[in-house]
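Visitor: I have a few questions about this structure. Can we go through them one at a time?

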Amino acid sequence: MKTMKPLLRTLFIPTMLFLGACACCEETVVAPPPPPPPVIVLPGLGDVFYDFDRSELRADAVDQLKTNANWIQANATHNVIIEGHCDERGTSEYNLALGERRANSAKDYIVNLGVAPARLKTVSFGEEKPFADGHNEEAWAQNRRAHFVAE
Amino acid sequence: MVQLFNRVVPGIIVVLFCLVVFPLKLAAAENGEYIAIRKEGSGNIALVLDKLDANGKKESKFAQSLDTIMHDGLDFTKIFSLISPPLNVKDFTDKKNVVINFGALTSVGAEVYAGGTLTRKSGMINLDMKVYDASGSKLLLSKTYTGREEGLRSIGHAFCADLIELLTGKKSVFGSKIVFISNKTGFKEIYECDFDGYGVAQLTNLKSIAMNPALSPDGKHLAYIGFASGRPTLYIRNLVDGKIASVSKSGVSIDPGWRNNTEVAATLSPEGNQEIFLVNTDGSLSKRVTNNKSIDISPTFSPDGTKMAFVSSRNGLPQIFVQDMQSGLVKRLTFSGRYNTQPAWSPLGDKIAYTTWEKNGEINIFVVNADGSGLKQLTQNSRENKSPSFSPDGEMIVYTSNRQGREKVYVMSSKGGNERLLLQGDDVQTQPSWSLFR
């Protein structure tokens, strides 16, 4: 027995060191996955559109806003930003004001449906970020919108 | 005692100020006939700006540069009809005593003659200028301007400024700045340039969207709207120490306009509804000015700060209104045109410029007296003309136009006419604002 002890020791120590080194390596190899991108647009949230120089909701906006409200209620981990946009006509200062009123009219409707106001942020981009590039009514109609973005 | 003190001390200060700052004013008063010419609106002043005399190769080169600087500077103002000097304007027969031939000047229709000599001493330029009444051969101004060789523009413009003040009794635009937005870098950043478009320099590097730059009357602060935080926010940059204050309240920020050196007004919506507030230069709110459910934007103040013109949709489509800051009483200013925005109050106090979006799609600049009378259209048949802003002397308006394709900065007379492109380039230029200082 006594003669075996040094042999055991010589085998035991390198084995443990080897295992320890492997464990270290494994830890660096299995890094945590990168965090998910912070902003995701999920199906269900859709934009609503406005008439020229108006911020009141159109009749065709109601269904989409109900869908959006249901989505927000069902996805409690996401807050939502409502962006107000305008077409390029008129002057940019007035459009910045109009954009905020469009975002607010959409927000107010969703809050009335029971969504907590704290989960909704509004921002106006006025005419600064058009979706469609054209200079005709087809493009303008697309650019007069409240755009919903999930955080 | 206190009352007496209050009355006497400002009086003394004003007198001292006048004696120190306006020795030229006294000279101008003696030559009242020249001021009268302008007041009667009898057209431009017929001026012969003679070539500068200089001895030496370098001196001649500087003199030529200064000839161009002074000619272009005076031409920019459109106050003068610049007449080429007649060949025999100077009689050199007695080289020690060069005589000006006033007969030759009057025969070409000159009312005023300006000429001078350039000398150089240890890197400094001395410009001796003399101005004569051409018909009476009377000396109106004799003054030496000194500066570094690399500062020729300021030397020449100092003379131009004196000449205009002498002949019109009013301060000129020389020394004033224009701030504006350009997309040159791919982002909307703020730039500045001299009154004549010279020396364009980038002031912000937000890599985002900047809007509506406005310099405080003393030029120490720059207010603007920036989207760097993700939403439109009012920023106030101290141009002396570089510190930037912002309005931290939630909601939108729109179109700042200075009331004085310490208060800037802008539209904010901290409680949801958009109202015009007075904001201190540290970004703190001083006072709410409007109280109306509709859109209220684009404040611009009378020179004494007692009245504010602004845009409101309280009657439906946007119109210009004027509010008394003391009583809060509001009067509608514009009645023609369905969409009137972007008011700018003249630094002279009498007029307000604004834009009308017309039924045919054009946007045009109009001016109206502050009491609503005397409406006049300044632009027409030139697509979209936006963002008028008066020069500090009230004689010109800077604005943008897309008449040649992209939106660019233009200037014109505040009475209409003399419309011209100020800045070249392929960029889109918007929202110019002229400083009050000069």
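**Helix packing and strand pairing**

Guide: Start with chain A, where H2(A) passes H3(A) in a right-handed crossing. Keep in mind that this is a predicted model.

Visitor: How are H2(A) and H3(A) set to each other: roughly parallel, oblique or roughly perpendicular?
Guide: H2(A) spans residues 62–74, and H3(A) spans residues 92–112. Their axes come within 9 Å and cross at roughly 60 degrees. Roughly perpendicular starts at 65 degrees and roughly parallel ends under 35. The pair is therefore oblique.

Visitor: Which residues of H3(A) meet H2(A)?
Guide: H2(A) contributes Val62(A), Leu65(A), Lys66(A), Asn68(A), Ala69(A) and Ile72(A). On the H3(A) side, they meet Ala106(A), Tyr109(A) and Ile110(A).

Visitor: Is Cys86(A) buried or exposed?
Guide: The cut-off for buried is under 20% relative accessible area. Cys86(A) has 3%, so this residue is buried.

Visitor: And Cys160(B), buried or exposed?
Guide: The relative accessibility of Cys160(B) is 0%. That is under the 20% limit, so Cys160(B) is buried.

Visitor: How many disulfides does a search of the whole structure find?
Guide: A disulfide needs two cysteine sulfur atoms within 2.5 Å. Over all chains, the count is 0.

Visitor: Turn to chain B. In which sense do E6(B) and E7(B) pair?
Guide: E6(B) covers residues 112–121. E7(B) covers residues 124–133. Thr117(B) stands opposite Asp128(B) in E7(B). The two strands share 10 bridges, and the sense is antiparallel.

Visitor: Which residue in the turn of that hairpin has a positive phi?
Guide: E6(B) and E7(B) form a hairpin with 2 residues between them. A phi of about 40 degrees belongs to Ser122(B).

Visitor: How do E1(B) and E2(B) run against E6(B), parallel or antiparallel?
Guide: E1(B), residues 45–49, joins E6(B) through 3 bridges, with Leu49(B) opposite Ala114(B). E2(B), residues 53–54, joins E6(B) through 2 bridges, with Asp53(B) opposite Thr117(B). Both pairings run parallel.

Visitor: How many residues of E22(B) are buried?
Guide: E22(B) spans residues 319–324 and is mostly covered. Of its 6 residues, the buried ones number 5.

Visitor: Which residue in the hairpin of E21(B) and E22(B) takes a positive phi?
Guide: E21(B), residues 307–312, runs antiparallel to E22(B), with 6 bridges. Lys307(B) stands opposite Asp324(B). There are 6 residues between the strands, and the one with phi near 115 degrees is Gly316(B).

Visitor: Which turn residue has a positive phi in the hairpin of E22(B) and E23(B)?
Guide: E23(B), residues 330–332, is joined to E22(B) by 3 bridges, again antiparallel. The partner of Phe321(B) is Arg332(B). The hairpin has 5 residues between its strands, and the positive phi, about 80 degrees, is that of Gly328(B).

Visitor: Where is Asn381(B) found, and is this residue buried or exposed?
Guide: Asn381(B) has a positive phi of about 50 degrees, although it is not a glycine. The residue lies in the loop between E27 (376–377) and E28 (385–390) of chain B.

Visitor: What about Ser387(B), buried or exposed?
Guide: Ser387(B) is not a glycine either, and has a positive phi of about 55 degrees. Ser387(B) sits in strand E28 of chain B. With 10% relative accessibility, Ser387(B) counts as buried.

Notes. Residues numbered from 1 in each chain as written. Chains lettered and ligands numbered in written order. Predicted model: local features only at pLDDT ≥ 70, side-chain atom pairs only at ≥ 80, totals over all residues. Heavy atoms only, no water. Buried < 20%, exposed > 50% of the residue type's maximum accessible area, 1.4 Å probe, protein only. Helix = DSSP H or I, 4+ residues; strand = E, 2+ residues; numbered from the N terminus. Pairing = 2+ DSSP bridges. Axes fitted to C-alpha atoms, helices over the stretch in contact; angles between N-to-C directions. Parallel < 35°, antiparallel > 145°, perpendicular 65-115°, else oblique. Left-handed = near helix turned anticlockwise from the far one by under 90°. Contact = heavy atoms within 4.5 Å.
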